[in-house]
Amino acid sequence: MTVTNPRVDPKGASTVRTDPCTPVVDFSKLKADFPLLSRTVHGHRVVYLDSAASSQHPQCVLDAMDHYYQTTHANVHRGVYTLAEEADRLYDAARVAVGRFIGAPDPEHEVIFTKNATESINLVAATWARSNLGRGDVVLLTDMEHHANIVPWLMLAEELGIELRWIGIDEEYRLDLSDLDRLLDGVKLVGCTTMSNVLGTITPFARIAEAAHRAGALVLADGAQSVPHLPTDVGRLGCDFLAFSAHKMLGPTGIGVLWGRRELLEEMPPFMGGGGMIRDVRHDGFTPNVLPWKFEAGTPPIAEAVGLAAAVAYLEELGLDAVRAHEVELTAYAQSIFAERFGDDLRIFGPPGTAERGGVLSLAYRDIHPHDLAQVLDQAGVCVRAGHHCAKPLMRRMGVNATARASVYVYNDESDVDVLADAIAEAGTLFA
Amino acid sequence: MTGLEDLYREIILDHYRSPRNRGELPAPPAQRVEGFNPLCGDEVVVYVRVQDGAVTDIRFAGQGCSISQSSASLMSSAVKGKTVAEARSLIRTFKAMMSVHEARLGDGPDGTGSSNGSGDEGPDTVAPDPESLGELAALQGVVKFPVRIKCATLSWNTLAQGLDEAEESATPA
């Protein structure tokens with residue numbers, strides 16, 4: 001095995017430039033960038049349709065992390081020697097790259113590395129909310145939230161006596177904003193997903209944020225599903241906090257991001273205590289470090305930050321507009337193939353129009369249980385998720401215990417959808 | 001489809017399509033016990049009537065995949081009319097079938113799936129006598145699909161709890 005010319009600043013996307021200003025991406029060639037997609041399962045090539053849970057990695061992300069470990073690794077913020085300085089520089093550069101990716105006005109101070117989106121939301125709950133909310137204060141959530149944006153607030157309801165309110169959903173699986181102003185009355189914080197991990201619904205986040213700000217509330221965006229798939233600009237979203245995970249955007253597990261407005265982050269108390277997050281420690285107290293290190297106790301995920309930066313570079317080379325267009329096309333293809341082959345036997349939960357949904361397709365086929373469906377699909381090499389997708393309140397609202405969820409990303413193509421459809425048909429035969 | 005015959009045996013599909021003893025019993029006098037598989041959201045409710053040390057009637061309700069539903073159906077047919085001691089023995093045998101085979105499979109990528117929440121498979125589990133299992137032997141193939149073992153054992157664990165509760169409530173205070 002040889003690794004030729006591993007670069008810290010990887011480029012690797014299969015782009016064909018016809019014009020120096022407008023890269024045209026040939027998405028049909030992208031599978032070759034992802035080593036895992038060349039393996040087989042049960043004698044079939046892997047058809048990976050579970051990117052809403054976790055995405056695969058292009059070679060350049062793996063190379064960037066390998067290269068870091070093989071040439072550069074040292075702890076950050078603690079050494080004066082060359083390796084440590086290089087590690088420092090890579091870690092800081094990753095922060096800036098990620099900040100630019102989401103349009104952060106002040107990436108050096110406003111991008112906090114966490115473990116994942118879940119930890120990012122917990123950070124806001126444990127620091128901002130605990131120091132700003134008390135008994136009877138209201139946090140407004142939506143019926144579409146992932147458990148990661150529900151349970152931290154339920155914990156605070158138990159601990160502090162805060163009250164939770166919920167924005168419901170309509171019959172086409174959109175947020176029901178008809179009563180938004182009344183729901184916002186007296187609310188201190190709104191926690192809202194930008195894209196449902198079950199329905200694919202892209203929420204009208206900017207509109208909610210504007211109304212929330214008018215009502216004097218802050219707004220936290222759970223961007224775990226949208227940041228990997230849609231162009232993101234925190235200013236345009238109008239959020240005060242944005243949480244997302246690297247492993248859903250071609251990056252490694254173990255690192256996530258919290259972006260927050262600087263003035264809010266400055267006021268918030270530290271999250272976890274330890275090394276790195278302090279200015280000074282005495283027998284009788286400590287002085288917290290400045291941003292962003294105030295929120296990053298202990299040795300951070302350095303190699304993971306390097307991998308995330310490589311993933312961001314890869315996505316930027318593809319262009320998020322192109323990624324979005326590719327997924328819209330693929331979703332529309334899946335919808336038409338499913339309608340053609342299965343008619344009313346196959347139900348897709350979520351808004352019908354591709355403009356208001358991402359490439360997350362929660363399916364019900366006849367009365368075949370999602371576990372059975374997923375089992376038959378696995379036999380054909382098709383990876384989909386079956387279950388409640390960590391959104392039990394939403395599933396109850398939908399009236400189902402579980403769905404089978406197929407979700408697409410940059411490396412998927414029409415042939416993957418065809419294999420999925422064939423496998424669904426086989427399940428239909430088996431359980432006829 | 002190749003590879004799935006071991007899982008979806010005809011008997012299993014038959015019990016899934018036409019479940020035996022599906023329904024409810026008035027509780028009391030029956031014991032009503034709920035079982036959940038938090039992993040997939042499957043739930044089963046077992047109603048078991050114990051009289052004079054015997055399972056005189058049993059029903060199950062709830063929703064779940066073909067494995068959990070057919071296992072509940074097969075279980076209900078197998079224990080109805082048996083003494084509580086015989087039913088308990090069958091539960092042990094069935095769960096041994098689920099764990100012994102798994103151990104024999106070795107350390108596959110999902111080799112950690114042996115825990116089914118009840119934690120009562122000791123190291124002394126013995127290979128079950130297939131003769132004693134009858135139709136239940138059709139569920140043997142489930143052990144090749146470790147993620148699904150919990151589906152198969154859900155109703156059995158729930159029944160075990162129901163028998164415990166029946167015996168507790170029968171014991172004079």
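Which pattern does chain B follow when it is read along the sequence? The pattern is α-β-β-β-α-α-α-α, and chain B holds 5 helices and 3 strands. Helices (H or I, at least four residues) and strands (E, at least two) are DSSP runs, numbered from the N terminus.

Before I continue, a note on the model. It is predicted: local features need pLDDT of at least 70, side-chain atom pairs count only at pLDDT 80 or more, and totals for chains, interfaces and linings use all residues. Residues are numbered from 1 along each chain as its sequence is written, while chains are lettered from A and ligands numbered from 1 in the order in which they are written.

Let me stay with chain B. Of its 173 residues, 43% are buried. A residue is buried if 20 or more other C-beta atoms lie within 10 Å of its own, exposed if 12 or fewer, and partly exposed in between, with C-beta atoms placed from the backbone. Among the contacts in chain B with a separation of 6 or more, 75% come from residues 24 or more positions apart. Two residues are in contact if their C-beta atoms, placed from the backbone, lie within 7 Å.

The strands of chain B form an open sheet of 3 strands in the order β1-β2-β3, with antiparallel pairing. Because β1 (31-37) and β3 (54-63) of chain B stand at the edges, each with a single partner strand, one side of each has no neighbour in the sheet. From one strand to the next, the twist averages 20°. Two strands pair if DSSP finds at least two bridges between them; β1(B) and β2 (residues 42-51) of chain B have 7 bridges in the antiparallel sense. Within that pairing, Val33(B) has Val46(B) in β2(B) as its bridge partner.

Two helices of chain B lie against this sheet. Helix α5 (residues 149-170) of chain B touches β1, β2 and β3 of chain B, and its direction makes about 35° with that of β2(B). Helix α2 (residues 66-79) of chain B lies across β2 and β3 of chain B and runs at about 170° to β3(B). For these angles, axes are lines fitted to C-alpha atoms, for helices over the stretch in contact, and angles run from 0 to 180 degrees between N-to-C directions.

How many residues does each chain bring to the contact between chain A and chain B? Chain B gives 14 residues and chain A gives 14 residues. On the side of chain B that touches chain A, 8 are nonpolar, 5 polar and 1 charged. Here Ala, Val, Leu, Ile, Met, Phe, Trp, Tyr, Cys and Pro count as nonpolar, Asp, Glu, Lys and Arg as charged, and the others, Gly among them, as polar.

I turn now to chain A. It has an open sheet in which 7 strands follow the order β6-β12-β11-β10-β9-β7-β8, with mixed pairing. The edges are β6 (111-114) and β8 (163-167) of chain A, each with a single partner strand, so one side of each lacks a neighbour in the sheet.

Is strand β10 (residues 218-222) of chain A enclosed or open? In β10(A), 5 of the 5 residues are buried, so the strand is largely enclosed by the rest of the structure. Leu218(A), Leu220(A) and Asp222(A) point one way from β10(A), and Val219(A) and Ala221(A) the other way. In a regular strand the side chains alternate between the two faces of the sheet.

β10(A) runs parallel to β9 (residues 187-193) of chain A, joined by 5 bridges, and Leu189(A) stands opposite Leu218(A). β10(A) is also parallel to β11 (residues 241-245) of chain A, through 3 bridges, with Leu220(A) opposite Phe241(A).

In strand β7 (residues 138-142) of chain A, 4 of its 5 residues are buried. β7(A) and β8(A) pair in the parallel sense over 5 bridges, and Leu140(A) stands opposite Arg165(A).

Finally, helix α14 (residues 414-430) of chain A. Its buried residues are Asp416(A), Val417(A), Leu420(A), Ala423(A), Ile424(A) and Ala427(A). They cover an arc of only 125° around the axis, which puts them on the same side of α14(A); the arc is that of the directions from the helix axis to the C-beta atoms. On the other side, Ser415(A) and Thr429(A) are exposed. The cover over the buried residues includes α11 (320-342) and α12 (370-379) of chain A.
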